Amino acid sequence: MSDLLSVAEVASVAAGVGGLGYAKVRAPRVYWSVVGLPVTWGRFTWTYRSTMEVCGLTVQPSGVRAFVTRNMARREVRPVPAKVRRIRPSSTGLRVSLRLPAGLEPADVAAASERLRHAWGVQSVTVVETRPGVVELRMTGYDVLSRVKLPRRRKAQGLRSLVVPVALREDGTVFCRDYQAVPHSLTLGANQSGKSMYQRNLIKGLASLPVGLVGIDCKRGVEQSRYAPRFSALATTPQVASDLLEVLIGEMEERFDLLSTHRVSDMWELPDEVRPVPLVVLIDEVAELFLVSAKKDEERRDRMVQHLVRLAQMARAVGIYLEVCGQRFGSELGKGATMLRAQLTGRVVHRVNDLQTAEMGLKDIAPDALQAVTKIRPDRPGTAVAGDTSGGWSRIRTPHTTTGETVAVCRQYADLTPEPAFLAPFRPVVTTEHGPDGDTPPALVPVTE
């Protein structure tokens, strides 16, 4: 009988260990909550002071404090680390709020984030300044980006809400594309890096918002033509793109006249009944607008570049936003490329083939992120580094979204597609064709007039 009990006990322990091992691989969120969180919390609590000392994140105490410690408390005077104000667990990690002592700044803690990550055995440590003198350590317990799933989307916040969740950060928070905070953006990445998937998620999110989508895809529309039911305009050749940009410049000037008539400086200050619809201009491969194969096309190219620069400089106030994608975007494209890039505040850089491409996207705004870009693995498509002009950056990954899913959403919200008169010549014509069996879903064949 005792032998049977021993076997049962061993079997129970083995099953428990095996269950934890399975959960660690297949259900990392559960494993973190049950095992990882208590272990990490305990390790952090017991080793905090010594870890901060080793990492150089301590300062000498003030004279009064040193005197009291030495003569009254009868203790050795030791360097002072940041004071732990609050520890908050989450389903993906641990958040620790620290009050920095005089002599330390957030940049000091951020520079030591990699050493802190190894010391406490977590996946990543991100440092965020919450207010002057206070930072938050966002520790991620496991690889959140291995399988990305965005939380269920909240209800729309109204006409002024132009926020699209498109990816997940490595600390478990959602990366959103906020067009009112960051009106223009540049997305770079090599082939098979996930750049197109990022754009699919963006179009999928924009489809349900009250905005007009304007597509420029000079690769004969092979990427964007599938989403024609939700596009107000689509240009598939450089000549049509040039004409479309000319029309957008005219619309921008008319909207500025409208602002002047109502004595306001921003489109969102206009009354609802006269406010024009916001437009998002999606450029699939920007190099196709810059490169020319004949001398006669140079004039058209210069005109397109000039229009793009003007839109990037001025169009935010009138609700026209640029979303520029490409494999490379530097001075080698020709005159105006650097000037246009400087106006694109948001930057998302996927895996690239060389360091120079990463520098094109991030060196001028977040030079510390260059090393992170070069470490993106080829077997992790959709992984990117997102930065902005504040100098901050974060690793993100776009959830896997098929073309069919995005097309279905565009069909679902096709009735939201605005049809302004000035875009009528560029409106894609959608025809339906059924398969021979009669059960095949209708095919969309957009043609730019």
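Trainee: How many bridges join strand β10 to β11, and which way do the two run?
Mentor: Four bridges join β10 (residues 212-216) to β11, and the two strands run parallel. Helices (H or I, at least four residues) and strands (E, at least two) are DSSP runs, numbered from the N terminus, and two strands pair if DSSP finds at least two bridges between them.

Trainee: Before I go on, what kind of model is this?
Mentor: This is a predicted model: local features need pLDDT of at least 70, side-chain atom pairs count only at pLDDT 80 or more, and totals for chains, interfaces and linings use all residues. Residues are numbered from 1 along each chain as its sequence is written, and side-chain values use heavy atoms, with hydrogens and water left out.

Trainee: And what is the mean pLDDT of the chain?
Mentor: The chain has a mean pLDDT of 82, with 83% of its residues at 70 or more. pLDDT is the predictor's confidence in each residue, from 0 to 100.

Trainee: Where is confidence lowest, and where is it highest?
Mentor: Strand β20 (residues 447-448) is lowest, at a mean of 42, while strand β12 (residues 279-283) is highest, at 95. Over residues 4-18 the pLDDT is below 50, and that stretch has zero contacts in the model beyond near neighbours in sequence. Contact means heavy atoms within 4.5 Å. Residues 433-449 also stay under 50, but for them the model has 35 contacts beyond four places in sequence.

Trainee: Back to β10 and β11. What is the strand order of the sheet they sit in?
Mentor: The order is β8-β7-β16-β15-β14-β9-β13-β12-β10-β11, an open sheet of 10 strands with mixed pairing. β8 (174-178) and β11 (231-235) are at the edges with a single partner strand each, so one side of each has no neighbour in the sheet. From one strand to the next, the twist averages 25°. Angles run from 0 to 180 degrees between N-to-C directions, and axes are lines fitted to C-alpha atoms, for helices over the stretch in contact.

Trainee: How do β7 and β8 pair?
Mentor: β7 (residues 163-169) and β8 pair in the antiparallel sense over five bridges, with proline 165 partnered by cysteine 176 of β8. The two strands form a hairpin with four residues between them, and glycine 172 in the turn has a positive phi of about 90°. β7 is also joined to β16 (residues 393-397) by two bridges, again antiparallel; there, leucine 168 has arginine 397 as its bridge partner.

Trainee: Which residues of helix α11 are buried?
Mentor: In α11 (residues 355-362) the buried residues are Thr357, Ala358, Met360, Gly361 and Leu362. They cover an arc of only 165° around the axis, which means they are on the same side of α11. The arc is that of the directions from the helix axis to the C-beta atoms. Buried means under 20% relative accessible area, exposed over 50%, partly exposed in between (1.4 Å probe, protein chains only).

Trainee: What do those buried residues pack against?
Mentor: They pack against β9 (185-188), α10 (337-343), β14 (346-350), α12 (370-374) and β15 (383-387). At the N-terminal end, aspartate 354 caps α11, with a side-chain oxygen 3.2 Å from the backbone nitrogen of glutamine 356. A polar contact is a pair of N or O atoms within 3.5 Å; within protein, one must be able to donate a hydrogen and the other to accept it, and residues adjacent in sequence count only if both atoms are side-chain atoms.

Trainee: Switching topic: is glutamine 199 buried or exposed?
Mentor: Glutamine 199 is buried, with a relative accessible area of 5%. It lies in helix α6 (residues 195-206). Leaving out residues up to four places away in sequence, glutamine 199 touches Gln224, Leu282, Ile283, Asp284 and Cys325.

Trainee: And what is the relative accessible area of threonine 374?
Mentor: For threonine 374 the value is 46%, so this residue is partly exposed. A polar atom of its side chain lies 2.7 Å from the backbone oxygen of glutamine 371.

Trainee: Last one: what is the order of the four strands in the other open sheet?
Mentor: That order is β3-β4-β6-β5, with antiparallel pairing. Its edge strands are β3 (83-89) and β5 (124-131), each pairing on one side only.
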